Amino acid sequence: MFVTMMMTDQMLDLSLPLSNEVPMMHHMINGDAPQQVILVQVNPGETFTIRTEDGALQCIQGPAEVPMMSPNGSIPPIHVPPGYVSQVLEDNTGVRRVVVTPHSECFPPSYSPALSPSHHIHPQYLTHPHFIPASHTSYYPPVSPGDVSPHQFYQHRLPPIYPEEIIPLYNVSTFMGHEEYCKPPPKKLKQPVERSGLSQVTSPLSSSYKNSTACTTTANGHGKSHISSGGGGGSPGNKRPDRRARGSPKHTDTEPQDHDVDTRRVQAVPSGMDKPQVSNVQSHSALVSWTSVFLSGSSGRVPSCSYELQLKDKGRDGKYKVVYSGEELQYTLTDLRPATDYHIRVSTVCNSVKGPSSDARAFTTQSAPPETPLPPRLSHRTKSSLTLQWKPPVDNGSKITNYVLEWNEGKKNSIFREYYVGHQRHCKVMRLCPAVGYTFRVAALNDIGTSGFSTEVVFHTTGSLPQISLPPRLIKAGPSWVTLEWTRPNSCSAEEVVTYTLEMQDETKGLDFQEVYSGLELNCKLESLRRNTQYKFRLITCSGEWRSAPSSLLVCKTTPDRPGPPVNPAVNAVTYHSFCVTWEPPQDDGGSGDLTYVLEISEGNSEERQWVTRYRGPERKHLCEDVKPATSYSLRLSCVDVGGQSQCSDDVTVRTHIPPPGRCRPPRIMGDVKHKELILQWDGPMCGEESEGVEFSLEMCAIEEASEPAEVYRGSKTECTVGNLLPGTTYRFQVRAANSVGYGPYSESVEISTDAGPPGQCSPPAINVTSHTCADVTWENNESSGIDISEYRLDWGRDLDSLEMVYSGSETYFQIPNLEASTEYCCRLQAVNQAGAGPYSDLVTCRTPAAVPDVVSGVHRLDLPPTPTESESFSPSTCLALSWDEPHCNGAEITSYTISMGDDIITTENATCHIIRDLLPDSEYSLQIRAENEMGPGPFSQTLTVRTRPLPPFPPRLECAAVGPQSLKLRWGFSSRSQLNDDTTYILQMEDRNQRFVVVYRGPSHTFKLQRLSESSRYRFRIQAVSEAGEGPFSETYTFSTTKSLPQTLKAPKIVQLEGNTCDVTWESIPPMRGDRISYVLQVLGGRESDFKQVYKGDETSFQLSGVQWNTDYRVRVFACRRCADTHQELFGSFSPSAHFNLRRSDATLAVEADVTRVPMGKALTDEQFAGLIVFGVASLSVLMAFLLQLLI
C-alpha cells in the first residue's frame, strides 16, 4: 500500500458530487490552513480501514486509490498489521509516498522509516471518494467481527472511472456548494447483508476487476457509465473496468501506458478565459455571458468542452460555489440577494480536464423592497389596550422608513384597516373591548416599495365580556328624522359613568356601521336622513373599564314626504268635441313610488269657476270627451300618496274647435264664356254657420279626357277666374268650404263648355339634314280648335335668340339651303287660323355634318422659338420657326398640319407653330401650309418666302493673362473657325456659389480683369461671341485659381537694452491668414558687415540678442513668413524698415566687462574674415609669382 502526498494552497474543486452515504466534513473545505492531499493506494487483496469523526469504521477493499486531506500538511499516522512496516519514499518529482510492506521486504537505503505502527489514523484524514479513480470499488465496514455487527454492513456506489485516462488531481472541475458538503451522514442499513457480500469483502477482486468492461461518457462534467450486466462486487450496473490500480506491485507492464495517457492529457489543457460579462442586473437575477475557450496544445479534432460558472458573495475571502455547468455561453443567475456584492468567474472543462479560472467579475444587485417581516408579538395587554412589538426585517439595500400596522377592529371579517404608520417598532392599541380578540399584521416600507404583510396573528384583551346592551327603540319617525331611546344597563351602578355610542348602517353608502351619536343621554334625534329609507341601528355601551359588544339591530324606516305637483301638463288632439291631456311625474315624488294623479276641469275663465274632477288614477294621460264645441276650459293637476296631497299645478287653458262647415251652393258663370278662361261665382254654406275663418276650394276636371279632379282655387272669396283652358272643351266644376276644423261636403257639380279659339300647339317638326349645307323640314297637319288652320309659320336659327321666320304657307314641307358645316341649328312651328295664332311647338335642334378645314391664314416667321425649352437647340442659321392662325375645323378636330417646302412635305402635330431644322445657312425657302382632319386635308395657304440667317460666331479661347491674390486678368482672341468683325460682342460668365453662371462682362474688348476675389480660390468661366448672325455657343468651362496673399510688411522692430551686452528685440504680430501659421525672420547687420545675417526664425514676436559688441552700430530688420498648410510652401513678405542701435558702456560696468571684451578677440574668425584672408593670400601670391616671372624673363 502506497500513500502519495500532494501539496495545495487553495481549496480543491470537486468534479463529481459527493455521495449521500459518505459525507464531506466541513473542516476539509474551510480553507483555514494549507492543505495536503494524500493518495492512499490500496493493492488488490488488501483492505484499508479508516475511522471517521463519529467513530464509525470504513473499510476500503483494494485495488483502489483513497484520497485523504490533511489540514496541517503532516502525514497521517497509519496503523499497520503485525509483520508490516510503513516507510516514506520520495521520488525524483518530489512526491512522497508512504509504503506499507511486509517486514522482510527490503528497500533502498535512501528511504527511511517514517511512522511508528503503533499509531492509528486520526478522524481528520477523511477519505474523499471523488479522488478515487478505481471508482467501482465499494465501502465496507470493518471485516473484524468484533468491531461492528453484521447488520451495519452496507455498500456505497462510487462514481465511474475512465478506462483510458486518469483525471489529474489539479484538474478536477466543478465547485460543490456548501449545502452538498454539509449533508448529514447517511443512515445505516438496518437489514442484514447477504452472505455473498461478506465473502466478497474478504475475497480478492482482481478477477472481477480485470474481466469487466465499461463504456463511459461525460456530460456536463459528470461521468455516466453504461456497463453490461454481470457479476461483480459493486451494485448492479456498475462494474470495474480492466485497469490496474496505481502503485500495485502487480501488472507493472502497464505503467508506461498510463504515463502516455497522462502526457496526452497535459497536452490539451484549456487556456485561460476572459472575465465574464454581467448585464441586466436586477435585485434577484443577473445575466452572465462569456466567450468560447481556446485549447492550447490541442491538435486534430477539438474535444468537447463545457463551462463551469462559480459564484461567491462574501468578498475576496469567500468561497466560490458552482452555479452552472454546461456548454452554453450565457446563464441567468437567479435567487440572488438584493443589494449584495457578488464575484463571478468561469472555467473550462474539456475531456474532464479543467482549465484555470478566469479573473473574477464583481457586480452588485439592485435594492428591493424589504422582506416580509415576522408577525408582531404581544408585550403587554389590559382590558382596553394591547401593546405590540415587532422585529425589523431585512431591508434589501434600502433603509426601512416606516412600518404599517393593520387590524380588523375586532370584527369577524377579513377587512383590515390601518392603525399605525411610522418608524417605531412598537405600538399601543387603545380603546379596546375586554375579552375580545383582535387580528393584526405588519408590513415594512422603504424607498423602493412595500413588503408583503406578515402572517396574521390574534391577540385578546383581558377581562370578562360585559352584558350585551339592549337594542335602541324607535319613538317616532319623520321624512328626514327619527327619534330613538334606549335603557341603561342593569349591571351598572348609579355612580358609574356610562357612555352610549349609537352606530347606524346606511346600505346606500356601504355595509359598515358609522357612529352617529356618542354621549350620556338615553335618547337621540337623528336628522338629515333620506325619506322613505330603511336604516339599521345598534348601541354600544362604554364605561371607563369596559366596552360592551354591539347590541342587536333596530331596523326602522323614515316616512315619505308630500309629493310635488305634476309638471309639463299639455293638451293635444283637440277637436270640437274632445281633447287629450298629458303630464309628467313630479320632480319630487315624496319618497314613495306609488302616486295617484287628480285631473280637475272648469268651464270658462271667470274667477268664480267650479272645479270638477274628471280623472283620478295612476295613468299620466286622459282623454276628455263630450265637451262643448268652441268653448274654453281650464285644467289643473295634483298627485296624492301616503304622505298627503300635493299642490295643484299651474292652470292650462284649452279651447275646443268649431264644427266643420256645411254644403255650398253649386258654382255659376259670371259674364261671357271665352275660349281660354271662365269667371265662376258661388254662395257660402246653406246652414248659416259663422263665416269667419272660412275658405273655399274649387275643383275642375275635363270630361273628354276623363281626368281626375284638380284644385284650381283656394281662398276666402266666393268667385274666381279659371284660365289656361282649352277652346271648345267641356269641364265639370264643384266647390266645398273649410274652416279650422276641416273641409265640409262638396257642392253639386256643374258642367261648362269653353268657346272656340286659335289653334293649339303644333307637333315638333322633323328635320332631315341632306348635306353640310342643306336640310329638309317636314311637319304634320294639326287638328283645328273649332276653325280650320289657314297657314303655318316656320322659324329657323342657330339659337333661340336668333330665330327668324323662313317660311309661311299651307305646305307641310320646306328645304333650307346655305348652311354651315358642323353647326347646330334649331327651329319651331306655329299654326294660324281666323281666331288667331296658336302657340309655338317645342324647339327642335339639329347639327350639320363636319367638313374639311378652312384655309390656313396668318402664316409668319418667328425670331425666337415658341417655347423656352427649345431655345438652347435653336439656331436662326439652320432653323426656321413658323407660326400660323388655327383655321376653322368645320366640325372635325384638326389632327395635323402639312408644310410644303418645295418638293419636301413636312407633317406636324395639331399645333399652330413648328420649327424646321437642318436647313442651309443664308438660304431662301418657299412655304405653304394646310390643315387636315378626319374628313380630309384642306386647301393650302398662300406662299411664304423666308431666308435663313448666316452662322453665328464660335467662342474664342479663354486665357489667364495675370494672376493675383484677389484678381484675375483674362484675355481671349479670335477663333479660327469664325469670321469676326468689329461688331462682335463678347459675353463672359462666371459661376457663382449656387453653381449658376452669371454675366461679369459684356462688350467688344478682348481682356477683362476681375477684382475683389478671394485668395487661393478656384473660379470657373465660360465665354460666348454674339454677332448680327446671332448668339454663338458657349465655350468649354475654364478654371482659374487665385494665388495666396503675401504677409504684410511689418513696422521697424523695437530694441531695448538689457543687462550686459544683451538687448531685447520686439516687433508687431500678424494674425494667421486663412488658417496658415505666421512665422518671423529676424536679420542683423553689425559693424562693417555688408550683408544682413539671420539670427532668428520662429513664431515668437521677440528675441534677445546677446553677444553684441560695445560701441558698434547695428541694424535689425524683420519680415513675416506664411506657412501654407496645404502645399507646405512658405511665402515671404517684404522687409520691415531697419532699426539702428548702438550699445554704450557705462562707467559702472567697465570693470565688470573687462573680461567680456577679451572674449571676442580670442574667438575664431568669421567666414567673411576667413574668406578675406584667403583672397588676400591668393592676391599676394599672384603678385609674387608675377614678380618672379618678370625676373626670369
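Trainee: What makes R798 and E820 a salt bridge in this predicted model?

Mentor: The closest N and O atoms of R798 and E820 are 2.4 Å apart. A salt bridge needs a side-chain nitrogen of Lys or Arg within 4 Å of a carboxyl oxygen of Asp or Glu, so R798 and E820 form one. R798 sits in the loop between β51 and β52, and E820 in the loop between β53 and β54, 22 residues apart.

Trainee: Why is R798 called partly exposed?

Mentor: Its relative accessible area is 44%. Buried would be under 20% and exposed over 50%, so R798 falls in between. E820 gets the label partly exposed too, because its value is 41%.

Trainee: What about E1015 and R1122, how do you know that they form a salt bridge?

Mentor: Their side chains meet at 2.8 Å, N to O, and the cut-off is 4 Å. E1015 lies in the loop between β69 and β70 and R1122 in strand β78, so this pair ties together parts 107 residues apart in sequence.

Trainee: Are E1015 and R1122 buried or exposed?

Mentor: Both are buried.

Trainee: And why is K1044 counted as buried?

Mentor: K1044 has 16% relative accessibility, and buried means under 20%, so the label holds. D1076 comes out at 4%, so D1076 counts as buried as well. K1044 and D1076 form a salt bridge, with their closest N and O atoms 3.2 Å apart.

Trainee: Which residues are linked in a network of salt bridges?

Mentor: E1015, K1044, D1076, R1122 and D1126. For the whole model, the count comes to 36 salt bridges.

Trainee: Switching to cysteines: why is C305–C350 called a disulfide?

Mentor: The sulfur atoms of C305 and C350 are 1.9 Å apart. The rule asks for a pair of cysteine sulfur atoms within 2.5 Å, so C305 and C350 qualify. The count by this rule is 1 disulfide.

Trainee: What makes that disulfide right-handed?

Mentor: The torsion about the S-S bond of C305 and C350 is about 110°, so the disulfide is right-handed. C305 lies in strand β14 and C350 in strand β17, so the pair ties together parts 45 residues apart in sequence. C305 and C350 are both buried.

Trainee: Why does C774 count as buried?

Mentor: C774 has 12% relative accessibility, and the limit is under 20%, so C774 is buried. C701, at 9%, counts as buried too.

Notes
Residues numbered from 1 in each chain as written. Predicted model: local features only at pLDDT ≥ 70, side-chain atom pairs only at ≥ 80, totals over all residues. Heavy atoms only, no water. Helix = DSSP H or I, 4+ residues; strand = E, 2+ residues; numbered from the N terminus. Buried < 20%, exposed > 50% of the residue type's maximum accessible area, 1.4 Å probe, protein only.
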